[in-house]
Amino acid sequence: MSQPPETLEQLQYIRYTTRPQPCSATLGWIKSNRLLVCTILGVIMGFVTGCSGRIFSPTKTFIELVIFPGEMLMRMLKMLILPLIISSLVTGMSQLDAKSSGRMGSRALVYYIVTTVLAAIVGIVVVVSIHPGNTSIKQTRLSETSAIPVSTVDALLDIVRNTFPENLVQACFQQVATVYKEKPMQPLHLTGNISANFTDDVVPVVEYEKKFVMKEGTNVMGIIVFCLGFGLLLGELGQEGKVMTDFFSILNDVVMRMVELIMWYSPIGIMSLIAGRIMQIGDLSTTMSQLGMYMITVIVGLAFHALITLPTIYFTVTRKNPWTFFKGMLQAWITALGTASSSATLPITFRCLEENNHIDKRVTRFVIPVGATVNMDGTALYEAVAAIFIAQMNGVQLDLGDIITVSLTATLASIGAASIPSAALITMLLVLSALNLPTEDVPLLFTVDWLLDRLRTSINVLGDAYGAGIVYHLSKDELDRMDSERRLSTISYRSPDPAIPLDTILSQRRRSSIHKLETRSVILPPIVIPDRTRNGNLSGSETQI
């Protein structure tokens, strides 16, 4: 048996030699963040595998097999979107009163409008400063399509129509849209000297007829509005609606447990999605020569909004470190980068906010589903950059009024953008039509949208998360007050006369599950009463009233 050290030098030697190694702290962090580390490795391996696979010129069948694991991930996540939105909104709203939910909603709405407008302004400043558009790009345009009439008014009216669906079951898989179809008309015959200018005396006349159709896709906006009203009224029922409230609360817990299981498969799915999309790129050198500066412009704008605008707003309101908050959202940010869908990332966003950043569930269940539908910072920035890029490519000079139109239209169009991959390319037609720019140039951007869509989706998710943190900070006192009032209500009784004996009140309490007497309130202290068995003997357990 070794002798204990007797000198001070020996004690200091032991103290310094037994200091924990730095690698042990790193291993401890990796062990506690295994899922995050695996997801980051999945993203890196996806880029490496995709770039390596392009060397062998893979066939379409091989690429489909590579993407298949990622397709399964998207299907599993989308499978949970509808039950998660319904259960989270109903549960969250049932725990709030009308006044609290109204204040919380107004704060979230102000945040959405401010950040979306700022994102569009950042995009305009960046694209005007860098000026990536060049008229020579159109000479080698990759594809062309015929122009289709697009009306900004019709698009805005479609948003309102989808807000109040006429059939909730149909809203789970379809939404209304205004489309223009060619209307068959009789050809116009020209006579006289006018026809001498044409090779044929028949001039085709094309007119478009406006129709309302149901297109594929979940009407998230309509479902959210219904769940908000349903949950708010359910909370006002009190004890009468407790069974329904417990049902949606348990449903939400079950869905979140399913999300935890799916998340361990996400690194494989994200790796396959990124690798497959890189393999699907045609001529990479031609694409980069034509749209390289456009991609850099969008990336610079998104980086500025994510690293400067959003953290500044968060710090100004909460006086907390935004980078600590972002660290807790890293898992959701990477998942959005891989899936390119804010709706598919919704379950992971809930998990990161509630477990890592400790945001109240009543806030996340209200703010995040709404934000994933209407708060599209990255989309607004992208559409502003794309519209001005197309104007520069066509040699169109935009004045101050046109730039203001771009910012406003991009903001409104981003609200109508579905939270699905590449939805911004469809809503961008609204911005182009507002400026009378050619919509047939939009397909040119499809060649690089696979990357930019992932980047702007990750910014959308990050903006929703910062919004939840800000709303929680501003609503924390109200939520704490609601909790304290709820705790006090559990020990309050109503008595017709304070002189009534305590035994009488307790016996009435036992005979009726809900004791209602319309008189003034008397708050009684907790009383410990021993339970008795049927034969009158003490059971040994006590009940606290």
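Helices, of at least four residues, are taken here as DSSP runs and are numbered from the N terminus. The structure described is a predicted model, and on this assignment the protein has 20 helices and eight strands. Of its 545 residues, 43% count as buried, and residues 24 or more positions apart account for 82% of the contacts with a separation of 6 or more.

Helix α16, which runs through residues 377-393, contains 17 residues and reaches 24 Å from its first C-alpha to its last, close to the 24 Å expected at 1.5 Å a residue. Because 17 of the 17 residues of α16 are buried, this helix is largely enclosed by the rest of the structure. Just after α16, Gly395 takes a positive phi of about 70°.

Helix α8, formed by residues 220-236, also has 17 residues, and its span of 25 Å from first to last C-alpha is close to the expected 24 Å. The buried residues of α8 are Val220, Met221, Gly222, Ile223, Ile224, Cys227, Gly231, Leu232 and Leu234. Just after α8, a positive phi of about 70° is found at Gly238.

Two packed helices are described by the angle between their axes and the distance between the axes. Helix α3 (residues 34-53) and helix α10 (residues 266-279) pack at an angle of about 25°, with 7 Å between their axes. Since angles under 35 degrees count as roughly parallel, α3 and α10 are therefore roughly parallel to each other, and their crossing is right-handed. On the side of α3, the residues that make the contact include Leu35, Cys38, Val43, Met45 and Phe47, while those of α10 include Pro267, Ile270, Met271, Ile274 and Ile278. By class, the contact of α3 with α10 comprises 13 nonpolar and seven polar residues, with no charged residues.

Most residues other than glycine have a negative phi. Against this background, two residues may be described. Ser57, although it is not a glycine, has a positive phi of about 50°, and its place is in the loop between α3 and α4. With a relative accessible area of 60%, Ser57 is exposed, given that exposed means over 50%. His358, likewise a residue other than glycine, has a positive phi near 60° and is found in the loop between α14 (346-356) and α15 (361-374). At 58% relative accessibility, His358 also counts as exposed.

Notes:
Residues numbered from 1 in each chain as written. Predicted model: local features only at pLDDT ≥ 70, side-chain atom pairs only at ≥ 80, totals over all residues. Heavy atoms only, no water. Helix = DSSP H or I, 4+ residues; strand = E, 2+ residues; numbered from the N terminus. Expected span 1.5 Å × (residues − 1). Buried < 20%, exposed > 50% of the residue type's maximum accessible area, 1.4 Å probe, protein only. Axes fitted to C-alpha atoms, helices over the stretch in contact; angles between N-to-C directions. Parallel < 35°, antiparallel > 145°, perpendicular 65-115°, else oblique. Left-handed = near helix turned anticlockwise from the far one by under 90°. Contact = heavy atoms within 4.5 Å. Nonpolar A, V, L, I, M, F, W, Y, C, P; charged D, E, K, R; others polar.
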